[in-house]
Every structure is written in C-alpha cells, then in structure tokens.
Amino acid sequence: MKNNWWKILAVVLLTYTIYFGLMGEVPRRAILNESIRNLYFHVPMWFSMIGLLSVSVWNAVKYLRTNDLHYDLRTVEFTNVSILLGLLGCATGAVWARVTWGDWWPNDPKLNSVAISMLMYFAYLVLRGSFEDPQKRARISAVYNILAFAVFIPLIFVLPRLTDSLHPGNGGNPAFSQYDLNSQMRMIFYPAVVGWGLLGGWIATLRVRIRAVERHMEDKA
Amino acid sequence: MEKFEKQVLKLFSVSGISDDYLHNQLIINTMKKYKFLFLLLGFLFSANLFAQQNVTEEIAMADQLRADGKIWVVVAVISIIFAGIILFLINMERKVSKLEKQLKK
C-alpha cells in the first residue's frame, strides 16, 4: 500500500470523472452542446502526455549523468506511453473537431504543431531502433529526447498563441484562466487531469518493470 | 414640448402617480435636464432582459436522453470499459510482482 496508494487514487479519481463527467451539470453552450464534457477526457490526455514527457526528460538527464541503463529504460517507456496518450489526444480531438469545427483536421496552427511534435517522437522511436549497442542507443536517444521536448513545449504552447487559432487557449480563445472555465466543470476537470496522469504513470511504470524483469532474465541466461 | 408635457401630466394622473401639479412639473423639469442621461440608461436597460433566458433554453442538450433515463446506459458502458482496463492492469501488476519476487531469490 505504501507504494501503490497512487494507483488506487487514480482509479477513484477516474471513476469520479467518468460518473460526474457524464451526469454532472455543464454550461449550455451553442455549437458545443454536450460535447463540452470532452474537456474531462481529451484535455487530460495532453496534460498527462506533457507530465509523462517531463518525467522522461528527467530520466534522460539522469542517464546522461550516470550512464545507468535503468534510467534509459524509464526514459523510453515513459516516452512510449506519452506517444500513446498523444495519439489518443489527436484521435479524440479529431472527433471533437469534426463535430464542432466541421473538419477532422482543419489547417490550424495548434493542430499542425501537434502533428509535427508527434512526428518528432515517432522519429525518436525510429532512432532507437537503428542502434544495436545499448549504451550508444541510450546516449543518443537521451539527447534527442531532451531536444524534442525543448521543441515540443514552445511549439504547442507559445506558437499557437502568437497567431489565429480555432483551438481553445490560443489565438485569443478562452481556455483555463480564472474567468474562462466554469467553476462546476473545474471541480471535475482538476481531478480528471490528476487521475489520467496517474493512470498514464501506472501504465508506464508497469512497462518499465516488465522490461526490467525481461532484462534481468536475459542477463541470467 | 408643451404638448408632450401635457401628455406626460395626463399619464401621471391617470396612472395614479401623482396629481400634484408642482410635483409633476418638477419631475418633468428633471427629466428635461437629464434627458441625455436618461436616454443612455434607457439603451442600457432595454435589451438585456429576455435574451439570456430564451437563448439558453434553446441550446440543444441531451435533455431527452436524461429524461428517458437512457443516460445511465452511457454511464454503464463507459464504466464497464474502464473497469475492464483497470482489471487488466491489476492482473499485470500481480504477474510482474510475482516475477520480481522470483528473480529476487
């Protein structure tokens, strides 16, 4: 329990999110209608992705400082789960966009920045696959991971805000600031972000442990 | 202006506001003095009253779905999927813990 309390917290928060996400009161807004509830699912995918990528970068730095391959394992698995979350975020966003903006993928700065970022992280996976030696692979991919994150953050947060955009939070659209988000939605949104983030972390740590066990068994054999 | 004043005075007496001539004249003079301000206030208070209520009620939401109780189907479906994912993860947890314990020996 000492090590696993956060997993139970994730389940509790997500159950709360799913129930109140569907049954709770939301403001009635034209165009959005009930799809405003997607706030509790689409947006936390991205916040979780950024959280997990931060953990990934942290581990990449730790690897470069210590050359301990366990950090490399953590880096890659957290990045893997982040890529999954990014894909889910893109998919849920596209469905939402089709219904509210009329197009699966409009020519929008935020969406294009996201597409570029996903390509960067796919390239990370390809990069890793091109090396045989574990230490070399770990070193090069750690550097790439840090650089990719350093490009990712300004690309999705700064660039879209400098220009016109359909996406909330960018191009002058309201998003999460004090006066923009309905307070009742906030009560479900914050736990949702934490819950989805913890779930992503759970999946990532499970993958790390499975890989560690595999590596341990390989070393023994 | 004279005719207008007469009409206003008549309105006051008919509606029961006041019959007192001097009092009514004072009111009319005040209105003349601040007519621009009253005009501005008139614009301010005239448009807001009914817009909010009607528009909000006209926005389509899943009210019928909730009234029919079918929203519970949606909740149930998503909860079942979620429960399935969590059970899968718990299963993984158990397997990995068992393997880790074995390797520790």
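The largest pocket has a lining of 41 residues, and those nearest its centre are Leu39(A), Trp96(A), His167(A), Pro168(A) and Pro174(A). A pocket here is found on a 1 Å grid over the protein atoms alone, as an open set of points where a 1.4 Å probe fits, with protein on both sides within 12 Å along at least five of seven lines; a lining residue has an atom within 4 Å of a point. This is a predicted model, in which local features need pLDDT of at least 70 and side-chain atom pairs count only at pLDDT 80 or more, while totals for chains, interfaces and linings use all residues. Residues are numbered from 1 along each chain as its sequence is written, chains are lettered from A and ligands numbered from 1 in the order in which they are written, and side-chain values use heavy atoms, with hydrogens and water left out.

The space in the largest pocket comes to about 1100 Å³, where a volume is the space filled by probe spheres set on grid points joined across faces, edges and corners. In chain A, helices H2 (42-66), H3 (69-100), H4 (109-129) and H5 (134-158) each give at least two residues to this lining. Helices are DSSP runs (H or I, at least four residues), numbered from the N terminus. H3(A) provides the largest share, seven residues. Sorted by class, the lining holds 27 nonpolar, ten polar and four charged residues. In this sorting Ala, Val, Leu, Ile, Met, Phe, Trp, Tyr, Cys and Pro are nonpolar, Asp, Glu, Lys and Arg are charged, and the others, Gly among them, are polar.

The second largest pocket holds about 650 Å³ of space. It is lined by 25 residues, with Phe41(A), His42(A), Met45(A), Thr92(A) and Trp196(A) closest to its centre. Two or more lining residues come from each of helix H1 (5-23), H2, H3 and helix H6 (183-220) of chain A, and also from helix H6 (71-104) of chain B. Again H3(A) gives the largest share, here eight residues. The classes are 18 nonpolar, five polar and two charged.

Next comes the surface between the chains. Contact (heavy atoms within 4.5 Å) joins 26 residues of chain A to 26 residues of chain B. About 2400 Å² is buried between them, 72% of it from carbon and sulfur atoms; buried area is the accessible area (1.4 Å probe) that two parts lose on being put together, summed over both. On the chain A side, Leu22(A), Arg28(A) and Arg209(A) lose the most area to chain B, together 26% of what that side buries.

Side chains of opposite charge can pair when their charged atoms come close. Five salt bridges are counted between chain A and chain B, each a side-chain nitrogen of Lys or Arg within 4 Å of a carboxyl oxygen of Asp or Glu. Arg209(A) forms a salt bridge with Glu100(B), with 3.2 Å between the closest N and O atoms.

Over all chains the count is ten salt bridges. Glu77(A) forms a salt bridge with Arg207(A), with the closest N and O atoms 2.4 Å apart. This pair links distant parts of the chain, as Glu77(A) lies in helix H3 and Arg207(A) in helix H6 of chain A, 130 residues apart.
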